[in-house]
Amino acid sequence: MYIYDEYDRRIQGQRVKQFRAQMERYLDGQLEEAEFLPLRLQNGLYVQRLAPMLRICVPYGLLNSRQLRKLAHITRTYDKGYCHVSTRQNIQLNWPQLEQVPDILDELLEVEMHCNQTSGNCIRNTTTDQFAGVATDELLDPRPYCELIRQWSTFHPEFAFLPRKFKIAVSATQEDRAAIRVHDIGLQIVRNEAGDVGFSVYVGGGLGRTPVIGSLINEFVPEAHLLTYLEAILRIYNQFGRRDNKFKARIKILVRAMTPEVFAEKVAAEWEHLRNGSATLTQEEIDRAKSYFTEPAYETLDDTAAQAEVDRLASETKAFANWLKRNVHPHRVPGYTAVNLSLKPTGVAPGDITDKQLEVIADLADQFSFGEVRTTHEQNMVLADVKKSDLYTLWQSAKAAGFATPNIGTLTDLICCPGGDFCSLANAKSIPIAEAIQRQFDDLDYLYDLGDIDLNISGCMNACGHHHVGHIGILGVDKKGEEFYQVTLGGHSGNEASLGRVIGPSFNAEEMPSVVQKIVDVYVEQRTDEERLIDTVNRVGIAPFKERVYAKAS
């Protein structure tokens, strides 16, 4: 993973000192709220419903055990003993004291972490597949390119005050696990017929008030010109993006207004001025970025013997077998696997993790995965390099700490924003709805029979819970001061990205578990062999689901 150099340490240290002085001036009344607003946003600080919220950057979701232990210390010392994994792979503190935020930033600096550009109208954290570097279906490791984008975009003066926030995701796998088609820019790493590395570029995707699937504007941008092409896109957006209306300021609105074809033409014309400029990537620079992501000290293992032992243990212990099926992911190195640590036990807000649990994960990472862990946009964590021979021991430890719920990919592995319990923008609570649905579907055998189902919950139209791309999406809405929930069906964030369709009028909170149950019942009745919920919805449409959900009891 990337390690700070002397330049990083110096500039980050200066940044913290600068913000400490700004905070002091604000608390002393020398800065008005409007003046302080852009300063705090540049440092990841929000004012939420009950307390400030501080968003900590986790570049491309990668953390080491030392950083985990520091996060544990920070949540214990400056917060209420827990933090939250966001859908952008970042970490959020929901209860810091305003005057202590500079102290938190100082603590983060000790372990090469920061809060830069986790908010505000700038380029946010670049995300990627949580199995980057170990996935079996990966063309090559996308993390060096994420790091190059991070270094290029951090403190970039031209793009510090964009019309609106801006998000980039990178995928290098056959099946997109980074949701690149619903990002402002989505990058798919490809090779051309000559075998050269490059990028297919999608622009103008995004969720929120106006959800849009991104448009492919360039099938192949050569590797060397990754940053120059991104710069051309950002310049066109900066020049033509709406600044008079924040609801129409995202690049997705601009691309739709211009049409993708015209937008691509303008980017191509701008690129002509940039493509061989200072941001052109030399092979030396690409190799420098790749040097930060060297392989750990993998052992040469007998994969067949290890798998046989795992199979034997699974045959003796059903709970272990369930965990293997749902939480363990293939690894490109024989004898190794990647393991999902579920942060979705029933009764816990999805993505929440305590200070003690952070320390347990740090210990597990040191013992089983070369001291490294990844956050996921599904709000879980991953140990990416676990020996198959260690799986049973790891499972026992994870189970004792509450991380072994065998539900990855199932309906109860739902994505959920903090909602009205914390967020000042939310129209309705999300967490109680998530818990009620999890309690409705607490039979694992039933869950496994249902197969893979993405259920996503957002407390407002900002769509932090990605409800638009859930197979089942739930959106909190306000009706004359009361909380209701709108349901969509048919969303998908992968290669065949699609937006869910609203099935009809909204429901009150008490109805939501039964509404989801009725949707599932129709799926079970209508599905064919091996058909997922999303496939059934696409085949039969939403009418049968709508009819069942709104049918009046006889």
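This note sets out, in numbered points, selected features of a predicted model.

1. Nonpolar cores. The largest nonpolar core of the model has 56 residues. Those with the most contacts inside this core are L108, F320, W323, M381 and L391. Helix α12, residues 355-368, gives the most to the core, with six residues. Apart from this core lies another, of 50 residues, which includes Y145, I189, V201 and Y292.

2. The surroundings of L391. When neighbours within four places in sequence are left aside, L391 is in contact with V310, F320, W323, L324, V328, T337, V339 and V386.

3. Aromatic pairs. The count of aromatic pairs comes to 17. In one of them, the ring centres of Y298 and Y336 are 4.9 Å apart and the planes stand at 65 degrees, so the pair is edge-to-face. Y298 lies in the loop between α9 (283-290) and α10 (303-316), and Y336 in strand β12 (residues 336-341), so the pair ties together parts that are 38 residues apart in sequence. Both Y298 and Y336 are buried.

4. A stacked pair. F507 and Y550 form an aromatic pair that is stacked, with 5.2 Å from centre to centre and 20 degrees between the planes. Strand β21 (residues 507-508) holds F507 and helix α18 (residues 543-550) holds Y550, so this pair ties together parts that are 43 residues apart in sequence. The two partners may be described in turn: F507 counts as buried, at 4% relative accessibility, whereas Y550 counts as partly exposed, at 27%.

5. A buried arginine. R55 lies in strand β2, which covers residues 52-56. R55 is buried yet has no salt bridge, and the nearest side chain of opposite charge, that of D184, is 12 Å away. The side chain of R55 does make polar contacts, one with the side chain of Y46 at 2.9 Å and one with the side chain of Q92 at 3.0 Å. Beyond residues up to four places away in sequence, R55 touches G44, Y46, N90, I91, Q92, C115, T118, S119 and R124.

6. Helix α5 (residues 143-153) is mostly covered, with ten of its eleven residues buried. Among the buried residues are Y145, L148, I149 and W152, and the charged residues R143, E147 and R150 are buried as well. Just after the helix, F155 takes a positive phi of about 65 degrees. F155 lies in the loop between α5 and β7 (168-171) and is partly exposed, with a relative accessible area of 25%.

7. A further positive phi. Most residues other than glycine have a negative phi. Q117 has a positive phi, near 55 degrees, and is a residue other than glycine. Q117 is found in the loop between α4 (101-109) and β6 (127-128). With a relative accessible area of 11%, Q117 is buried.

8. Salt bridges within helices. The structure holds 38 salt bridges. In one, the side chains of R9 and E6 meet at 3.9 Å, N to O; being three residues apart in helix α1 (residues 6-27), R9 and E6 are separated by about one helical turn. R9 counts as partly exposed at 38% relative accessibility, and E6 as exposed at 53%. In helix α9, E285 and R288 are likewise three residues apart, about one helical turn, and their side chains meet in a salt bridge of 2.6 Å, N to O. E285 counts as partly exposed at 28% relative accessibility, and R288 is partly exposed with a relative accessible area of 25%. E316 and R312 are four residues apart in helix α10, also about one helical turn, and form a salt bridge of 2.8 Å, N to O. E316 is exposed, with a relative accessible area of 54%, whereas R312 counts as partly exposed at 36%.

9. A salt-bridge network. E158, E231, R235 and E270 are linked in a network of salt bridges.

10. Residue D521. D521 has its place in helix α16, residues 512-526, and counts as partly exposed at 28% relative accessibility. Not counting residues up to four places away in sequence, D521 touches Y446 and R548. From C-alpha to C-alpha, D521 and Q438 are 16 Å apart in space, while 83 residues separate them in sequence.

Conventions
Residues are numbered from 1 along each chain as its sequence is written. This is a predicted model: local features need pLDDT of at least 70, side-chain atom pairs count only at pLDDT 80 or more; totals for chains, interfaces and linings use all residues. Side-chain values use heavy atoms; hydrogens and water are left out. Helices (H or I, at least four residues) and strands (E, at least two) are DSSP runs, numbered from the N terminus. Buried means under 20% relative accessible area, exposed over 50%, partly exposed in between (1.4 Å probe, protein chains only). Contact means heavy atoms within 4.5 Å. A salt bridge is a side-chain nitrogen of Lys or Arg within 4 Å of a carboxyl oxygen of Asp or Glu. A polar contact is a pair of N or O atoms within 3.5 Å; within protein, one must be able to donate a hydrogen and the other to accept it, and residues adjacent in sequence count only if both atoms are side-chain atoms. A nonpolar core is a set of buried Ala, Val, Leu, Ile, Met, Phe, Trp, Tyr and Cys residues joined through side-chain atoms within 4.5 Å. Rings of Phe, Tyr and Trp (its six-membered ring) pair if their centres lie within 6.5 Å; planes under 30 degrees apart count as stacked, over 60 as edge-to-face and the rest as tilted.
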